[in-house]
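Colleague: Please take a close look at one residue in a loop of this chain and say what surrounds it. Then set it against the rest of the fold.

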Amino acid sequence: MRIVVLDDYQSVASGYAEWDTLGAEVEFVSRPIRDTEDLMRVVSGAEVVVAMRERTLFSAARLSQLRDLKLLVTTGRVNASIDLDAARAQGIVVCGTESTTSATPELTWGLILSVLRSIPTEDAAVRSGGWQSTVGGDLLGHRLGVIGLGRLGAQVARVGAAFGMDVVAWSQNLDEARAAEVGVEAVSKQELFATSDVLTVHYKLSERSRGLVAAEELSLMKPTSILVNTSRAGLVDTEALVAVLEAGRIRGAGIDVYDTEPLPSDHALRSAPRTVLTPHLGYVTDETYRIFFTQAVEAIAAWMAGEPIRQLS
């Protein structure tokens, strides 16, 4: 049996689980998959594929060409890049894994502090012989606006409160009772954008929420405020964000997710001012990878034994 583990960008997947216990040929692919033809070449003949989150698309059209595929394991329990209905119709079993809930909120605060205090800029300046070229912002007594108060947004909100921030939140269905549970105030979308010093996005991407943060919302932000997105790229209008950054209408932005990944070398965000860009690192931690790959091996072994676990389709 041939197993292909996709999108092992750091070439570390082999060390996070005991793949040899499966008694199968396991191939680890560290480069991004370019297109459908590339995917076909890489996984041709494989009965089992392990997909890293949503890095590679498994649409109905692509799945229809993978005639040898019997089991598709995705890291995490939700993967919008897999057409589960098509997989089910084709007889492909899709299984998931558990994951941590702390990694992305932690990175969110790393980006907030990096943007607010210009840490990458000052680090580069010191290394090149410079010294103190920026003036940082503050957290204590300032307002944190959380867009989406689910599990991740709530964690970010609680850290904001620990910093002594005035924390407010908004979502389309957020009520005051839920906000009170987290210890924050529910406000209107307009108030959140107009009054927050730090805005952070933690929202589920859907057709309803796509473009949630667009030119209109960005125009409400204060010139001293920052925006951080560690959720999904489609929630924020990238062109509108680049425009306000280039015009100096907001203090800066921290971005971990992009419309196209890996980010093209000529993308406007790469040269946008006052930004801190990370390559979709929200879930990329030791603990998360240990869970992902250990449970991927468990899922394959269970499927081989005829008893699939954590089955999604």
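**A loop residue and its setting**

Modeller: Once its neighbours within four places in sequence are set aside, G45 is in contact with R2 and D68 (contact means heavy atoms within 4.5 Å). This is a predicted model, in which local features need pLDDT of at least 70 and side-chain atom pairs count only at pLDDT 80 or more, while totals for chains, interfaces and linings use all residues. Residues are numbered from 1 along each chain as its sequence is written, and side-chain values use heavy atoms, with hydrogens and water left out.

G45 sits in the loop that runs between α1 (36–43) and β3 (48–51). Helices (H or I, at least four residues) and strands (E, at least two) are DSSP runs, numbered from the N terminus. With a relative accessible area of 37%, G45 is partly exposed; buried means under 20%, exposed over 50% and partly exposed in between, with a 1.4 Å probe and protein chains only. V4 is 41 residues away from G45 along the chain, and the C-alpha atoms of G45 and V4 are separated by 9.6 Å.

As for the rest of the fold, the chain has 11 helices and 12 strands. Its radius of gyration is 21 Å, close to the 20 Å that the globule rule gives for 313 residues, so the chain is as compact as a globular protein of that length. The radius is taken over C-alpha atoms, and the rule is 2.2 Å times the number of residues to the power 0.38. Along the principal axes, the C-alpha atoms fill a box of roughly 60 × 50 × 30 Å. Of the 313 residues, 49% count as buried. Among contacts between residues at least 6 apart in sequence, 62% join residues at least 24 apart. The chain exposes about 14,600 Å², and carbon and sulfur atoms supply 49% of that area (Shrake-Rupley method, 1.4 Å probe).

Back in the loops, R53 lies between β3 and α2 (60–65). R53 has a positive phi of about 50 degrees although it is not a glycine, and R53 is buried, with a relative accessible area of 15%. S11, in the loop between β1 and β2, likewise is not a glycine and has a positive phi, of about 55 degrees. The loop between β11 (252–255) and β12 (275–277) holds P262, which is joined to E261 by a cis peptide bond with omega of about -5 degrees.

The aromatic side chains come next. The structure holds nine aromatic pairs. Rings of Phe, Tyr and Trp (its six-membered ring) pair if their centres lie within 6.5 Å; planes under 30 degrees apart count as stacked, over 60 as edge-to-face and the rest as tilted. One of the pairs is that of Y16 and Y289, which is edge-to-face, at 5.8 Å centre to centre and 85 degrees between the planes. This pair links distant parts of the chain, 273 residues apart: Y16 is in the loop between β1 (2–5) and β2 (25–28), and Y289 is in helix α11 (residues 286–304). Both Y16 and Y289 are buried. The ring centres of W19 and F293 are 6.2 Å apart with the planes at 55 degrees, so this pair is tilted. It too links distant parts of the chain, with W19 in the loop between β1 and β2 and F293 in helix α11, 274 residues apart. W19 is buried at a relative accessible area of 6%, and F293 counts as buried at 2%. Ring pairs link Y16, W19, F28, Y283, Y289, F292 and F293 into a cluster.

L245, in helix α10 (residues 238–246), counts as buried at 0% relative accessibility. Beyond its neighbours within four places in sequence, L245 is in contact with I250, G252, A253, A272, P273, R274 and T275. A272 is 27 residues from L245 in sequence, and 6.6 Å away in space, C-alpha to C-alpha. L113 belongs to helix α4 (residues 103–116) and is partly exposed, with a relative accessible area of 29%. With neighbours within four places again left aside, L113 is in contact with S118, I119, L139 and F163. Between L113 and E27 there are 39 Å, C-alpha to C-alpha, and the two are 86 residues apart in sequence.
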